[in-house]
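Here are some notes from going through the model with you in mind. Have it open while you read.

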Amino acid sequence: MSRKEKVQEAIKQEVSAIIHDELNDPRIGFATVTRVEMSADLEHAKIYVSVLGKQKSEVATFKALESAKGYIRKLLAQRLKMRFIPEIMF
């Protein structure tokens, strides 16, 4: 397993835990992190999220995740032992 794959899996697990345990935003519905794609230089991470429910709840969930992006990145920095934490996109 390459470093990129290990980082992708670690970010997937941590972001999933953060969404379920740390975020108390009522706009976030039942969201599941399906996969993470990292850039070759590990500076950008695309996080793919699946949301169950109607389109209205899906839009609200993505707005909530976008507004919590900085907080999620801060928690990733505390949990992962990496020199640089990638910019995240949902």
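1. The buried residues of α1 are Val-7, Gln-8, Ile-11, Val-15, Ile-18 and Ile-19. Buried here means under 20% relative accessible area, exposed over 50%, and partly exposed in between, with a 1.4 Å probe and protein chains only. These residues cover an arc of only 100° around the axis, so they sit on the same side of α1; the arc is that of the directions from the helix axis to the C-beta atoms.

2. Before going further: this is a predicted model, where local features need pLDDT of at least 70, side-chain atom pairs count only at pLDDT 80 or more, and totals for chains, interfaces and linings use all residues. Residues are numbered from 1 along each chain as its sequence is written, and side-chain values use heavy atoms, with hydrogens and water left out.

3. What do the buried residues of α1 pack against? Their partners are β1 (30-38), β2 (44-52), α2 (55-67) and α3 (69-79), with contact meaning heavy atoms within 4.5 Å. Helices (H or I, at least four residues) and strands (E, at least two) are DSSP runs, numbered from the N terminus. On the face turned away from the buried side, α1 carries the exposed residues Lys-6 and Asp-21.

4. Helix α1 takes in residues 3-22, 20 residues in total, and reaches 27 Å from first C-alpha to last. That is close to the 28 Å expected at 1.5 Å a residue (1.5 Å times one less than the number of residues).

5. Now the charges: the count comes to 6 salt bridges, each a side-chain nitrogen of Lys or Arg within 4 Å of a carboxyl oxygen of Asp or Glu. One of them joins Glu-87 and Arg-73 at 3.1 Å, N to O. Glu-87 lies in strand β3 (residues 87-89) and Arg-73 in helix α3, so this pair ties together parts that are 14 residues apart in sequence.

6. Arg-35 is partly exposed, at 41% relative accessible area.
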